[in-house]
Structure formats: structure tokens, C-alpha cells
Amino acid sequence: MSLSRLLAPGPADAVVPPSGHTAWLTLFTAGAMTFLAVFALALALASGRLAERWAGALERTATVRLSAPEDQIDRQVKAVLALLSTTPGIASARALDEEEQRKLLEPWFGPDLPVQALPLPRLIEVVEDGAGYDAEGLRLRLTAEAPGAVLDDHARWRRPLAVAAARLVLLGWLSIGLIGLTMAAMITLAANAALAANAQVIRVLRLVGARDSYIARAFVRRFTLRALAGAGVGAVAGMIGIAALPGAEAAGGFLTGLGFQGAGWLLPLLLPFLAGGVAFAATRAAAFRKLREFH
């Protein structure tokens with residue numbers, strides 16, 4: 001039986017009550033689940049962007065930490081910078097000044113940290129080119145030139161961040177899957193309730209020669225349209241909620257840009273059609289199963 005035939009209006013529509021608890025249950029379930037699915041979708045997409053941003057920020061950079069006696073630190077910084085400038089695969093290298101180091105430590109120690117009075121290592125920012133460099137070879141050269149120099153290529157930071165972002169993406173899509181299953185379960189319960197409430201009418205229709213496909217079509221059409229309507233409202237409400245969230249700049253980067261960008265705003269509009277498909281499949285299966293019980 002085709003989808004278009006099942007959704008086509010017919011005289012059997014009178015079998016399904018146009019209002020009542022099953023109608024409200026279907027509308028509310030589809031709307032609420034779609035509303036939650038919009039946020040789950042936004043979480044999945046934002047986590048993917050976050051992973052790309054983290055990888056892009058750390059992949060091409062490294063840091064050299066240099067510790068040395070105060071009377072030797074400037075000389076060793078110059079020696080390390082000279083070494084880095086001749087290392088294949090390194091595009092640029094520069095030593096961070098006291099103000100930059102203060103900003104790096106400010107989130108932990110506050111803005112009044114006396115950087116110049118603390119025995120902090122000097123930090124040298126290294127940016128690699130597209131070809132990359134030999135990290136192990138560079139470490140050996142740094143040890144020979146400045147024994148207190150340590151190369152940090154951010155590998156130990158990249159791996160946990162990449163894993164965390166990948167798990168957030170998986171969690172977002174898993175949430176959407178669970179939301180779909182929950183919607184299917186609730187709509188199945190509502191369809192079963194409607195079928196049970198109209199058992200006498202269904203028996204009368206059978207007596208006058210109505211087939212199960214004819215009766216099921218009415219239930220599938222009504223419940224699918226109700227799910228489409230409820231999911232449409234839920235999707236719009238979810239998009240409004242996402243749009244009302246503060247941006248990454250206003251939130252200090254905490255939300256990491258949770259939301260949709262560009263053509264991504266069209267993706268939530270697909271959710272009502274997915275909800276309709278879920279309702280169609282769930283109601284069709286429930287209708288034919290329940291109708292078999294009436295034999």
C-alpha cells in the first residue's frame with residue numbers, strides 16, 4: 001500500500017475521532033520530541049564545528065618552554081629563535097612578551113599577577129608550515145642548544161579534545177535516535193488507544209465489507225497529519241529557542257557557538273517530515289496489528 005494512497009482522504013476518516021486525548025497526545029508528543037530534537041541537532045553540529053576549530057587552532061602550532069638562569073635567559077631565547085628560523089617546516093617563531101604571558105595566566109591568577117617577579121619559563125610560539133617539521137629531531141637540537149628548552153607540540157591536548165568533541169557529536173545523534181524511538185512508542189500507544197476505543201465501529205465496517213487496508217488508512221492519515229502539525233510547531237519553537245541563545249562572543253565562548261550557521265538553519269525544517277515518517281510507520285504497524293486482533 002503506497003504512502004500517497006494511505007494519506008488520501010476517504011469516508012473511513014470518520015472512524016478516527018478528530019479530537020480527544022489521542023489527538024492531543026499525538027500533537028504534544030510530536031511537538032515536544034521535535035523541540036528536543038532541534039537542540040540535539042544543534043549540539044551535534046556545534047560539536048563538529050568545535051572539533052574542527054580546536055584541531056585547526058592546535059594542529060599547526062607548538063610551544064617551546066625555556067627555563068634558564070636569569071642572566072642567561074635572553075641569550076638562550078635568541079639562540080632558540082635562531083635555531084627555529086633555520087628549521088625546515090617552521091613558518092615562524094616568536095617569544096611571547098610579559099603582557100601576553102600575563103593574559104595566558106589571567107584566567108587562573110587574576111589580572112594583577114606580577115609576571116616579572118615570578119620565575120616563569122619564557123614561552124616561544126612556533127607555527128609550522130604545510131609540510132610540517134621533524135619534532136623528535138627538533139627536540140634533540142633544542143636540547144643541545146638550550147638544555148632547559150622543552151618542545152610541546154600540543155599532541156596531548158589535541159587527542160582528548162578530539163575524543164571529547166567526537167563523543168559529543170555521537171551523543172547528539174544518539175539523542176535524536178532516542179527521541180525518534182520515544183515518539184514512535186508514544187504514537188503507537190495513542191493509535192492503539194484510538195483503535196481500541198473504536199472497536200465496535202471497526203466491527204460494523206467489517207460487516208459491510210470494509211477491508212483492513214481501508215480502515216487502517218484512516219488511522220494512518222489522521223495520526224501522520226497530527227504528527228506533522230505538532231512537529232512543525234515544535235521545530236519552529238526550537239529554532240526560536242536556538243536563535244535566542246547568546247552568541248559565543250556574548251557568552252565568553254562558553255556555548256562555543258551552539259546553534260546553526262548558514263544553510264544549517266534549513267536542517268530543523270526536515271525534522272517534521274521525519275516525524276511524519278515515524279508516525280506513518282508506527283501507526284501503520286499498530287493499526288494492522290490491532291486489526292488482526294479483532295478477527
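User: Contact means heavy atoms within 4.5 Å. Among contacts in this protein between residues at least 6 apart in sequence, what percentage join residues at least 24 apart?
Analyst: The model is a predicted one. The count takes in contacts between residues at least 6 apart in sequence. Within that group, the share joining residues at least 24 apart is 85%.

User: How many helices and strands does the protein have, and in what order do they run?
Analyst: The protein has nine helices and four strands. Read from the N terminus, the order of its elements is α-α-β-α-β-α-β-α-β-α-α-α-α.

User: What part of the protein is buried?
Analyst: A residue counts as buried when its relative accessible area is under 20%. The protein has 295 residues, and the buried part of them is 39%.

User: Is T26 buried or exposed?
Analyst: T26 lies in helix α2. Its relative accessible area is 1%, and the cut-off for buried is under 20%. T26 is therefore buried.

User: Over the ring of which residue does the charged end of R226 sit?
Analyst: R226 is one of the residues that T26 touches. The charged end of R226 is 5.1 Å from the centre of the ring it sits over. That ring belongs to F223.

User: The structure holds two aromatic pairs. Is the pair of F35 and F39 stacked, edge-to-face or tilted?
Analyst: The ring centres of F35 and F39 are 5.1 Å apart, and the planes stand at 55 degrees. Planes under 30 degrees apart would count as stacked and those over 60 as edge-to-face.

User: Why are F35 and F39 separated by about one helical turn, and how exposed is each?
Analyst: Both residues belong to helix α2 (residues 21-59), and the separation is about one helical turn because they are four residues apart there. The relative accessible area of F35 is 30%, which makes it partly exposed. F39, at 28%, also counts as partly exposed.

User: What kind of aromatic pair do F260 and W265 form?
Analyst: F260 is buried at 6% relative accessibility, whereas W265 is partly exposed at 28%. Their ring centres are 5.3 Å apart, with 65 degrees between the planes. Planes over 60 degrees apart give a pair its class, which here is edge-to-face.

User: Are helices α3 and α5 roughly parallel or roughly antiparallel?
Analyst: Helix α3 (residues 73-85) packs on helix α5 (residues 135-145) with axes 10 Å apart, at an angle of about 150 degrees. Angles over 145 degrees count as roughly antiparallel. The two helices are therefore roughly antiparallel.

User: What is the handedness of the α3 and α5 crossing, and which residues make the contact?
Analyst: The crossing of α3 and α5 is right-handed. From α5, the contact uses L138, R141, L142 and E145. From α3, the residues are A79, V80, L83 and L84.

User: How do α8 and α9 pack, and what is the handedness of their crossing?
Analyst: Helix α8 (residues 212-244) and helix α9 (residues 271-293) have axes 8 Å apart and pack at about 150 degrees. That angle makes α8 roughly antiparallel to α9. Their crossing is right-handed.

Terms used. Residues numbered from 1 in each chain as written. Predicted model: local features only at pLDDT ≥ 70, side-chain atom pairs only at ≥ 80, totals over all residues. Heavy atoms only, no water. Phe/Tyr/Trp six-rings, centres within 6.5 Å; stacked < 30°, edge-to-face > 60°. Buried < 20%, exposed > 50% of the residue type's maximum accessible area, 1.4 Å probe, protein only. Lys NZ or Arg CZ within 6 Å of the ring centre and 35° of its normal. Axes fitted to C-alpha atoms, helices over the stretch in contact; angles between N-to-C directions. Parallel < 35°, antiparallel > 145°, perpendicular 65-115°, else oblique. Left-handed = near helix turned anticlockwise from the far one by under 90°. Lists of a residue's contacts leave out its neighbours within four places in sequence.
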